[in-house]
Amino acid sequence: AEKNGATLKRVVDESTPDITYILEHKAGSALIKLRVMNAISQVPKAAPWVNEQCIRRYGKAINWSVFLCYDRDDYRADITKFREGDWALLRKRIRKGVMIVDVAASADIEDIMLQDIEGVCAYLRIDVPVSLEGRRGKAKMKHLFRSCGNAYHEGARARELIRSLDMQKIMNTGVLPLKEIETAFFE
C-alpha cells in the first residue's frame with residue numbers, strides 16, 4: 001500500500017502470531033506490530049507483550065504509540081468502562097512515556113462495513129437496495145446476503161468482502177476513529 005509517499009509492507013514471521021508491517025517514508029520508517037487479543041479476558045496479557053515484544057525488543061528510544069481498539073458492544077455504552085478493571089491495569093502496566101490512543105467503535109463492525117453499501121453490493125454483484133431490513137448492522141448484512149442467495153460470514157471468512165470495501169470512504173464517515181491511526185502513520 002502507498003499513501004503520501006509512504007509505503008506499507010507486511011513482514012511475514014511464522015515464529016509469532018503477531019502481524020508486523022514496516023512503514024517507510026522520506027522521514028524514516030515505522031514498525032507496526034498488531035496483536036489480536038480475541039477475548040476480553042486476554043486484555044491483561046497485552047501490557048507484557050507491549051513491554052517485552054515491542055519496547056524491550058526494538059528499543060526504548062522509539063516513540064511508541066499503543067492503539068487500544070475495541071467496540072463498546074452497545075451504542076449507549078459508556079467508554080469509561082474501558083478505563084476500569086483490567087483496562088486500567090493494562091494502561092498502568094504499559095511503560096511510561098508510551099502514547100495510548102483509544103480507537104473505540106460505537107457500532108457493530110457490520111454497521112461500519114455498510115457505510116460503503118456500494119462496495120458491499122458490488123461484492124455481492126447486486127444493485128444497492130432502497131432500504132435495508134434489520135435493526136443493527138449484523139441483521140442488515142445477513143438479510144442483504146440472504147436476499148441474493150448467499151450466507152454472511154464473519155471473521156476470516158469475510159476477508160474478501162472487507163478487501164472490496166473503500167476504506168477511505170469508511171474512514172471519512174467518522175463511525176470508527178481510524179483517522180487517529182492514519183494521522184499517527186502518515187503525518
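Begin by selecting Lys 169 and Asp 116, whose side chains meet in a salt bridge with an N to O distance of 3.8 Å. Lys 169 belongs to helix α7 (residues 167–173), whereas Asp 116 sits in the loop between α3 (109–113) and α4, so this pair ties together parts that are 53 residues apart in sequence. The model in view is a predicted one.

Are the two partners buried or exposed, or do they fall in between? Lys 169 is partly exposed, with a relative accessible area of 30%. Asp 116, by contrast, is buried because its relative accessible area is 3%, and the limit for buried is under 20%.

Glu 118 lies in helix α4 and Lys 169 in helix α7, so the pair ties together parts that are 51 residues apart in sequence. Glu 118 counts as partly exposed because its relative accessibility is 40%. With Asp 116, Glu 118 and Lys 169 displayed together, one network can be seen, joined by salt bridges that share partners.

Then move to the strands and select Glu 24 and Lys 9. Their side chains form a salt bridge of 3.7 Å, N to O. Glu 24 is in strand β3 (residues 19–25) and Lys 9 in strand β2 (residues 6–11); the two residues are 15 apart, and the pair links distant parts of the chain. Glu 24 counts as partly exposed because its relative accessibility is 38%, and Lys 9 counts as partly exposed at 45%. The salt bridges in the model come to seven.

Return now to helix α4 and display helix α5 with it. The two helices pack at an angle of about 30 degrees, and their axes are 11 Å apart. The crossing of α4 past α5 is right-handed. Which residues meet across this contact? From α4, select Ile 117, Val 120, Cys 121, Tyr 123 and Leu 124; from α5, select Met 141, Leu 144 and Phe 145. The residues of this contact comprise eight nonpolar, no polar and no charged.

Follow the chain into the loop between α4 (117–124) and α5 (137–147), and select Gly 134 there. Gly 134 counts as partly exposed because its relative accessibility is 40%. Leaving aside neighbours within four places in sequence, Gly 134 is in contact with Ala 139 and Lys 140. For a further reference point, select Leu 144, a residue of α5 that takes part in the contact with α4. Gly 134 and Leu 144 are 10 residues apart in sequence, and their C-alpha atoms are 9.5 Å apart in space.

Finally, clear the selections and view the whole chain. Its secondary structure consists of eight helices and six strands, arranged along the sequence as β-β-β-β-α-β-α-β-α-α-α-α-α-α. The chain has 187 residues, of which 32% count as buried. Its accessible surface is about 12100 Å², and 50% of that belongs to carbon and sulfur atoms. Among contacts with a separation of 6 or more, 52% are between residues 24 or more positions apart.

Definitions and conventions:
Residues numbered from 1 in each chain as written. Predicted model: local features only at pLDDT ≥ 70, side-chain atom pairs only at ≥ 80, totals over all residues. Heavy atoms only, no water. Helix = DSSP H or I, 4+ residues; strand = E, 2+ residues; numbered from the N terminus. Buried < 20%, exposed > 50% of the residue type's maximum accessible area, 1.4 Å probe, protein only. Contact = heavy atoms within 4.5 Å. Areas by Shrake-Rupley, 256 points an atom, 1.4 Å probe, with all protein chains shown as cover. Axes fitted to C-alpha atoms, helices over the stretch in contact; angles between N-to-C directions. Left-handed = near helix turned anticlockwise from the far one by under 90°. Nonpolar A, V, L, I, M, F, W, Y, C, P; charged D, E, K, R; others polar. Salt bridge = Lys/Arg side-chain N within 4 Å of Asp/Glu carboxyl O.
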